[in-house]
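Here is a friendly walk through one structure, taken a piece at a time. Have a look at it first, then read on.

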Amino acid sequence: MIYMKILVILFFTSYLLSCKGQSQKNNCEINYGNANASLKYYSRTSNDNYLDSAQFFLDNALVCSETREKSIRRKIEIFIMQRKYEPGVKFVTTLNNKDFDFTYQRQMIIDYLTGLHYGEIDDLNKKDSIFTKSISEIQNYIENQKGETFLSDSVPYYDLYFTKSRIYDSVKISKDIDSLKQKFPNDKDAIDRLKIITLGNIDH
């Protein structure tokens, strides 16, 4: 009952402001804000309906360039929270590489969601195969960039080791990341941060 009252308020706010001649940009910001409000209510109540509501508002926020990228990120996060991996894959396949900061990230996210799906149904061979392929593609991207410093390629490295953490243990991950210090001796502190964050994400 409380959920319905809150949802009606959020929908009514969006509708009312759109009727007042708000620009499309403003409407997108309102919908994005309502999505975040729904997520906050979910964090307080664990009511999955709020996640569905957030997805609805994010769909409406996707149409504006100002809110498109962050709405895409939010939608993917919610698919993962809901463990709706296959719908998540279908959504990401409708996007273009330009919707992401790096050209490899669209396929990386498709692979990530697919790998989570296979992991959930205990098909570990397929899961490991998917993540291994993704790791190879990210590594190829990094090698082709030939960055002179770790910081110039830090996001791809975070993506790489986050993906590696899905199939490798903490000992291997730690050694792999430490080896970067030989390549980038001036970026040891940044590499240590990468290790701390990556090891914190290992859940198997």
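## Ground rules

A residue is called buried when its relative accessible area is under 20%, exposed when over 50%, and partly exposed in between (1.4 Å probe, protein chains only). This is a predicted model, where local features need pLDDT of at least 70 and side-chain atom pairs count only at pLDDT 80 or more, while totals for chains, interfaces and linings use all residues. Residues are numbered from 1 along each chain as its sequence is written, and side-chain values use heavy atoms, leaving out hydrogens and water.

Let's start with Ser71, which sits in helix 4 (residues 65–82). Helices here are DSSP runs (H or I, at least four residues), numbered from the N terminus. With a relative accessible area of 0%, Ser71 is buried. Setting aside neighbours within four places in sequence, Ser71 is in contact (heavy atoms within 4.5 Å) with Tyr32, Leu58, Ala61 and Leu62.

Ile135 belongs to helix 7 (residues 124–145). Its relative accessibility is 5%, so Ile135 counts as buried too. Beyond its neighbours within four places in sequence, Ile135 is in contact with Leu160, Thr163, Lys164, Ile167 and Tyr168.

## The nonpolar cores

What is a nonpolar core? Take buried Ala, Val, Leu, Ile, Met, Phe, Trp, Tyr and Cys residues, joined through side-chain atoms within 4.5 Å. The largest one has 35 residues, and Phe91, Val92, Phe150 and Tyr157 touch the most other members. Helix 6 gives the largest share of this core, six residues.

Phe91, leaving out neighbours within four places in sequence, is in contact with Leu62, Ile72, Lys75, Ile76 and Phe79. A separate core has 11 residues, including Ala35, Tyr42, Tyr50 and Ala61.

## Helix 6

How enclosed is helix 6? Of its 16 residues, 13 are buried, so helix 6 is largely enclosed by the rest of the structure. Just after helix 6, Asp122 takes a positive phi of about 65°.

## Where helix 8 meets helix 10

Helix 8 (residues 154–164) and helix 10 (residues 188–200) have axes that come within 10 Å and cross at roughly 35°. Those axes are lines fitted to C-alpha atoms, over the stretch in contact for helices, with angles from 0 to 180 degrees between N-to-C directions. On the helix 8 side, Tyr157, Tyr158, Tyr161 and Phe162 make the contact; helix 10 brings Ala190, Arg193, Leu194, Ile197 and Thr198.

Definitions and conventions:
Helices (H or I, at least four residues) and strands (E, at least two) are DSSP runs, numbered from the N terminus.
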